[in-house]
Amino acid sequence: MSDINKAVIRGRAATDASVKHLPSSTLTTLRIGTDGSYTGRDGRKVERVDWHMVACWGEVAEQAQGIRKGDVVQVEGPIRTRSYGEGASKKWITEIVASKVTVDAQDRDRKSTRLNSSHRPRSRM
């Protein structure tokens with residue numbers, strides 16, 4: 001049996017996609033929030049949000065560039081841990097390296113409809 005390293009998350013974009021054009025490729029980074037709840041020791045429902053860092057490279061990065069804050073996004077890909085910096089300033093980051101990113105078009109349409117209807121001039125009678 002072989003190991004499996006695949007994450008699938010569906011949540012909302014915390015910010016607009018961040019795009020960096022590098023000499024050999026394009027990198028688009030996302031921060032996705034997934035919410036959930038659990039029952040605490042006292043029996044009360046506790047709401048929580050987990051934040052996930054997502055790195056999109058190449059063609060997937062090009063597709064993810066249009067993601068905006070609040071968009072419902074589904075991401076699939078392996079989880080990777082990497083480091084940057086040196087010595088005492090060395091930092092570690094765990095992220096999903098996206099092999100597939102999908103934006104919920106129906107959610108985007110609903111947001112657009114709400115925005116358009118809220119800015120419509122009122123008719124006078």
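User: Why does E76 count as buried in this structure?

Analyst: Happy to take that one. In this predicted model, the relative accessibility of E76 is 16%.

User: Where does E76 lie, and which residues is it in contact with beyond its neighbours within four places in sequence?

Analyst: E76 is in strand β5, residues 72-77. Leaving aside those neighbours, E76 is in contact with K6, A7, V8, V97, A98, S99 and K100.

User: What makes the pairing of the E76 and K6 side chains a polar contact?

Analyst: The distance given for the two side chains is 3.4 Å. The limit for a polar contact is 3.5 Å between N or O atoms, so this pair falls within it.

User: How many salt bridges does a search of the whole structure find?

Analyst: The search turns up 6.

User: Why is the pair D104 and R10 called a salt bridge?

Analyst: The closest N and O atoms of D104 and R10 are 2.7 Å apart. The cut-off is 4 Å between a Lys or Arg side-chain nitrogen and an Asp or Glu carboxyl oxygen, so the pair qualifies. D104 sits in the loop between β8 (100-103) and α2 (105-118), whereas R10 is in strand β1 (residues 7-13), so the bridge ties together parts that are 94 residues apart in sequence.

User: Are D104 and R10 buried or exposed, or something in between?

Analyst: D104 has a relative accessible area of 16% and is therefore buried, under the 20% limit. R10 comes to 47% and is partly exposed, since that class runs between 20% and 50%.

User: What does the salt bridge between R82 and E95 tie together?

Analyst: The side chains of R82 and E95 meet at 2.7 Å, N to O. R82 belongs to strand β6 (residues 79-84) and E95 to strand β7 (residues 91-97), so parts 13 residues apart in sequence are tied together. At 39% relative accessibility R82 is partly exposed, while E95 is buried at 8%.

User: How do you know that R48 and D50 form a salt bridge, and which accessibility class do they get?

Analyst: Their closest N and O atoms are 2.3 Å apart, which is within the 4 Å cut-off. R48 is partly exposed at 41%, and D50 is partly exposed at 29%.

Methods. Residues numbered from 1 in each chain as written. Predicted model: local features only at pLDDT ≥ 70, side-chain atom pairs only at ≥ 80, totals over all residues. Heavy atoms only, no water. Helix = DSSP H or I, 4+ residues; strand = E, 2+ residues; numbered from the N terminus. Buried < 20%, exposed > 50% of the residue type's maximum accessible area, 1.4 Å probe, protein only. Polar contact = N/O pair within 3.5 Å; in protein donor to acceptor, adjacent residues only side chain to side chain. Contact = heavy atoms within 4.5 Å.
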